[in-house]
Amino acid sequence: DGTRTPVVIGGDLNAHPDDPAVELLTRGYADVWRAIDHGEGLTMPAERPTGRIDYLFASEHVHPTRIWIAGEASASDHLMVVAELEVPS
């Protein structure tokens, strides 16, 4: 991105990891799940997740330290992605 500005992008993309939209984002930002290498990050359906459609991406100036799935099946049709990130000051 040419700057040292930390950037974090997160959201329900309704797209699986091999979708062109996800691949486009990974050209400029690290997929936090893959960066930490912590399982598959399955978030949907909430009752018994078999797919991944929720993501966190981070610029090179953000260092992910931990990531997990949170929430309860009754709160949504899929589960939340939560992460701890180190951002330089």
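Let's start with Glu 86, which is found in strand S5, residues 80-86. Keep in mind that this is a predicted model. Glu 86 counts as partly exposed, because its relative accessible area is 48%. What does Glu 86 touch, leaving out residues up to four places away in sequence? The list is His 61, Val 62, His 63 and Thr 65. Now set Glu 86 against Ile 9. In sequence, 77 residues separate the two. In space, their C-alpha atoms are 15 Å apart.

Next, strand S1, residues 8-12, where we find Val 8. Buried or exposed, or partly exposed: where does Val 8 fall? Its relative accessibility is 42%, so Val 8 counts as partly exposed. Val 8 and Leu 56 are 48 residues apart in sequence. Their C-alpha atoms, though, are 7.0 Å apart. Leu 56 is also on the contact list of Val 8, together with Phe 57, Val 62 and Leu 85. That list leaves out residues up to four places away in sequence.

On to the core. Which residues make up the largest nonpolar core? There are seven: Val 32, Trp 33, Leu 56, Ala 58, Val 62, Ile 67 and Val 81. Helix H2 and strand S3 each supply at least two residues of this core. As background, nonpolar side chains tend to be buried together in soluble globular proteins. Look at Ala 58, one of the core residues. Beyond four places in sequence, Ala 58 touches Val 7, Tyr 29, Ala 30 and Val 32.

Now a charged residue. Asp 54 sits in strand S3. Asp 54 is buried, yet has no salt bridge. How far away is the nearest side chain of opposite charge? That side chain is Arg 52, at 8.0 Å. A salt bridge needs the charged atoms within 4 Å. Asp 54 does have polar partners. Its side chain makes a polar contact with the side chain of Thr 43, at 2.5 Å. Another, at 3.0 Å, joins the side chains of Asp 54 and His 78. Among the other residues in contact with Asp 54 are Gly 11, Asp 12, Leu 79 and Val 81.

Where is Thr 43? In the loop between helix H2 (32-36) and strand S3 (54-58). Thr 43 counts as buried, because its relative accessibility is 0%.

Conventions
Residues numbered from 1 in each chain as written. Predicted model: local features only at pLDDT ≥ 70, side-chain atom pairs only at ≥ 80, totals over all residues. Heavy atoms only, no water. Helix = DSSP H or I, 4+ residues; strand = E, 2+ residues; numbered from the N terminus. Buried < 20%, exposed > 50% of the residue type's maximum accessible area, 1.4 Å probe, protein only. Contact = heavy atoms within 4.5 Å. Lys, Arg positive; Asp, Glu negative; His and termini not counted. Polar contact = N/O pair within 3.5 Å; in protein donor to acceptor, adjacent residues only side chain to side chain. Core = buried A, V, L, I, M, F, W, Y, C linked by side-chain atoms within 4.5 Å.
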